[in-house]
Amino acid sequence: MTDLILKADGLKKHFQVGGGFMAETKTVRAVDGVSIEVRRGETFAIVGESGCGKSTLARLLMRLLEPTEGAIEFDGRDIAGIRGRDLRELRRDMQFVFQDPFSSLNPRMSVGKLVGEPIETHRPELSRTQRRQEVARLLRTVGLRPEHADRYPHEFSGGQRQRIGIARALASNPRLVIGDEPVSALDVSVQAQVVNLLHDLKSKLDMTLVIIAHDLAVIRHMSDRVAVMYLGQVVESGPTDEIFAAPRHPYTLALLSAIPEPVHGRERTRIALSGETPSPASPPSGCRFHTRCPFAREDCATRVPELRVAANETRVACHYWEEIAATRPKAGLTPAAARSEGAQRRFALYEAATLRQTDRPETASNAGATT
Amino acid sequence: MNQPLLEVENLRFRFRGQEQDVVQDVSFRLGRNETLCIVGESGCGKSVTALALMGLLPQDSVQFGAGRIRFDGETFAPGDHDRIAKMRGDRMAMIFQEPMTSLNPAFRIGDQIAEAVERHRNCGHAAARARALEMLGKVGIPAPEQRFDAYPHQLSGGMRQRVMIAMALANDPELLIADEPTTALDVTVQAQILELIAELQAETGMGTIMITHDLGVVAEIATNVAVMYAGQVVEYGSARSIFENPQHPYTIGLMASVPSLTGPRRRLSTVPGVVPAIGQMPEGCRFSSRCPFAAPVCAARPDLAEQDPGHRVACHFAPLEQTLERSA
Ligand SMILES: Nc1ncnc2c1ncn2[C@@H]1O[C@H](COP(=O)(O)OP(=O)(O)OP(=O)(O)O)[C@@H](O)[C@H]1O
Ligand SMILES: Nc1ncnc2c1ncn2[C@@H]1O[C@H](COP(=O)(O)OP(=O)(O)O)[C@@H](O)[C@H]1O
Ligand code: SF4
Ligand code: SF4
Ligand SMILES: [Mg+2]
Ligand SMILES: [Mg+2]
């Protein structure tokens with residue numbers, strides 16, 4: 001048996017846009033030849049800037065969209081073209097958590113209904129009482145209280161709504177959960193609560209997680225392996241630690257060097273990118289990154305780089321990564337400077353004190369409850 | 001000592017019908033060429049503080065308490081809208097997270113900048129136009145002559161942000177207030193915009209107030225930092241002392257919640273709970289409903305007291321390691 005739970009091969013999604021009166025139709029190549037392999041039990045991350053096709057890829061993997069081209073396998077089964085009953089079964093095994101906790105929940109449904117609905121769909125054998133018990137259990141699992149079932153989404157904070165979304169996703173006992181920017185809309189303090197929750201759930205429920213995000217620090221924290229996307233394609237992929245310690249693709253280098261870090265006075269060499277991401281309706285020829293790549297050479301505009309093995313399971317789509325790496329011996333980030341000794345003791349005290357508080361999982365403060 | 005560009009003393013206000021102050025006794029100072037970062041979670045009063053300084057809060061519903069603003073040697077009351085309105089767009093300018101807050105979708109971007117110049121300068125149309133072109137070039141818009149006639153929707157998010165900056169800075173303001181100007185942008189574009197603001201600041205010597213919830217951005221650009229929680233400044237100091245020697249439990253909680261890009265990965269600390277709504281803030285230390293160290297004494301409001309030279313902290317137990325380790 002394979003240890004892969006999800007596999008995409010040459011996946012493409014092209015949207016036709018325009019084409020009204022006198023307008024030209026354009027083809028938006030939102031996802032344009034993506035191959036990824038997600039291993040059972042891991043957290044796999046997809047990272048890239050706005051418009052690079054992350055959400056479209058997630059929707060393809062979930063089969064919320066039908067691919068233009070390419071194959072998707074879930075648990076060794078081809079799911080690219082399935083319909084009807086097979087698709088319903090897939091929806092049970094693979095669930096989705098959305099970015100926006102404010103618009104992804106129906107405001108007219110109580111939390112009990114919101115979480116009960118997928119139970120009803122996917123586990124029709126449960127009686128009404130059993131279902132109510134199951135809702136209560138799920139709410140507790142995500143750090144909410146059973147009595148929250150009678151309330152409505154607007155009564156909850158952003159972090160709590162995200163917990164409701166997660167409870168909903170867990171209702172069908174999925175084996176894989178895909179989160180499209182599940183913590184991006186949250187303040188860091190609340191983001192940390194939800195990141196910890198996802199981590200705990202994953203190990204407790206024996207799930208596989210696919211996380212999409214643009215925040216590299218969140219990605220590094222949560223994932224085992226990562227794929228970096230640019231304009232509908234994967235430009236670099238591999239173990240998270242490897243990619244962060246030794247990024248190879250110029251785009252990954254630039255992305256990492258652009259993150260402002262909460263450390264005072266750090267010297268760093270930024271790899272400035274000129275301009276902005278071109279439109280996926282007219283991607284540049286050759287290497288799609290050549291219009292912004294500070295290392296581009298003449299033939300980058302004509303030759304398409306393949307994603308090829310670099311080292312330690314890392315793959316890179318750049319003709320010249322070896323030469324670039326040779327001139328940049330320290331591409332990765334250096335560890336943060338130490339805080340003052342007093343500050344370190346304060347952080348330790350803070351951590352110990354919040355742990356004491358949150359050890360009681362059903363306290364209001366742990367759940368981010370306002371009441 | 002050098003006179004600061006801006007001094008805010010005990011700024012305090014609430015909105016009509018509310019039982020608690022939205023912003024309470026906020027004080028800070030800003031020198032020329034300096035950047036003050038105001039940092040805190042959403043709902044902590046960062047934006048309303050900025051809007052108050054710019055005289056942009058709804059006049060009929062805001063109620064100011066005592067407090068005063070001194071700008072370039074002149075003192076006035078925060079509610080003195082007429083006086084502030086004269087300086088707005090000229091000596092002080094503001095940029096927003098959403099560029100369309102300042103840009104009109106129906107007008108060409110070049111004309112909008114030129115109009116902002118004409119409004120405050122005694123110059124002819126041609127001179128205003130020339131200034132607009134110059135600004136578009138300065139903020140890095142490629143081919144400014146062609147872009148001059150573009151409408152906002154024809155530009156990308158990053159470009160619109162640049163146009164808004166061009167408009168804000170067209171009259172060489174002494175003070176720029178930037179409210180999360182890069183929050184909606186990709187990191188690579190954010191890096192470009194932050195660099196642009198820094199360049200323009202170095203050129204003109206303006207003072208900048210940067211509002212953000214991103215501690216990374218703060219570390220990158222701040223001279224001084226004000227950490228705001230629930231309408232109060234809970235910690236204030238130089239960027240260096242705030243990052244190397246943070247004192248307030250809220251500052252520590254925020255910093256500990258940020259996942260690190262380097263070093264071992266460990267479980268994140270959190271700040272439990274959420275910012276309470278106005279009307280539900282605890283009396284005394286407003287952080288007490290979330291603070292893991294809260295004690296009965298916290299029902300009284302702690303002073304923003306100096307811990308180290310220039311570094312102020314509003315917590316009864318600061319410095320924590322000295323007051324708490326013994327009892328822990
Ligand atoms: N239904 C659609 N019709 C036409 N174009 C689309 C459609 N959905 C997405 N696109 C386009 O495909 C590209 C990729 O979009 P996608 O939403 O996948 O990006 P993303 O990486 O998730 O971006 P973000 O970080 O902003 O969420 C974008 O240019 C987008 O405008
Ligand atoms: N015009 C207004 N009337 C009443 N309340 C307001 C108004 N503007 C903002 N508030 C409230 O003031 C508080 C602080 O808001 P804001 O300054 O926008 O926070 P931040 O910018 O730190 O996220 C919030 O509780 C917000 O709901
Ligand atoms: S192939 Fe050329 S343009 Fe593309 S990333 Fe490598 S060096 Fe840059
Ligand atoms: S005064 Fe009390 S509640 Fe406020 S931050 Fe200090 S310890 Fe916490
Ligand atoms: Mg998306
Ligand atoms: Mg704001």
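The structure is a predicted model, in which local features need pLDDT of at least 70 and side-chain atom pairs count only at pLDDT 80 or more, while totals for chains, interfaces and linings use all residues. Residues are numbered from 1 along each chain as its sequence is written, chains are lettered from A and ligands numbered from 1 in the order in which they are written, and side-chain values use heavy atoms, with hydrogens and water left out.

**Domains**

- In chain A, 24 residues of domain 1 are in contact with 19 residues of domain 2, where contact means heavy atoms within 4.5 Å.

**Helices**

- Helix 3 (residues 111-122) and helix 5 (residues 158-170) of chain A pack with their axes 7 Å apart and at an angle of about 25 degrees; helices (H or I, at least four residues) and strands (E, at least two) are DSSP runs numbered from the N terminus, and axes are lines fitted to C-alpha atoms, for helices over the stretch in contact, with angles running from 0 to 180 degrees between N-to-C directions.
- That angle makes helix 3 of chain A roughly parallel to helix 5 of chain A, a class that takes in angles under 35 degrees, with those over 145 counted as roughly antiparallel, 65 to 115 as roughly perpendicular and the rest as oblique.
- From helix 3 of chain A the contact draws on A:Val111, A:Leu114, A:Val115, A:Glu117 and A:Pro118, and from helix 5 of chain A on A:Ile164, A:Ala167 and A:Arg168.
- In helix 1 (residues 46-53) of chain B, six of the eight residues are buried, where buried means under 20% relative accessible area, exposed over 50% and partly exposed in between (1.4 Å probe, protein chains only); just after this helix, B:Gly55 takes a positive phi of about 65 degrees.

**Loop residues**

- A:Gly286, in the loop between helix 9 (250-258) and strand 11 (308-311) of chain A, counts as buried at 13% relative accessibility, and its contacts, not counting residues up to four places away in sequence, include A:Cys300, A:Arg303 and A:Pro305.
- B:Thr270 is buried, with a relative accessible area of 9%, and, leaving aside its neighbours within four places in sequence, it is in contact with residues among them A:Ser189, A:Tyr350 and B:Ser257.

**Backbone geometry**

- Most residues other than glycine have a negative phi, and most peptide bonds are trans.
- A:Asp75 has a positive phi of about 55 degrees although it is not a glycine, and at 28% relative accessibility A:Asp75 counts as partly exposed.
- B:Glu180 has a positive phi near 50 degrees and is buried, with a relative accessible area of 10%.
- B:Ala318 and B:Pro319 are joined by a cis peptide bond with omega of about -10 degrees.

**Cysteines**

- Zero disulfides are found over all chains, a disulfide being a pair of cysteine sulfur atoms within 2.5 Å.
- B:Cys285 counts as buried at 11% relative accessibility, and B:Cys315 is buried with a relative accessible area of 17%.
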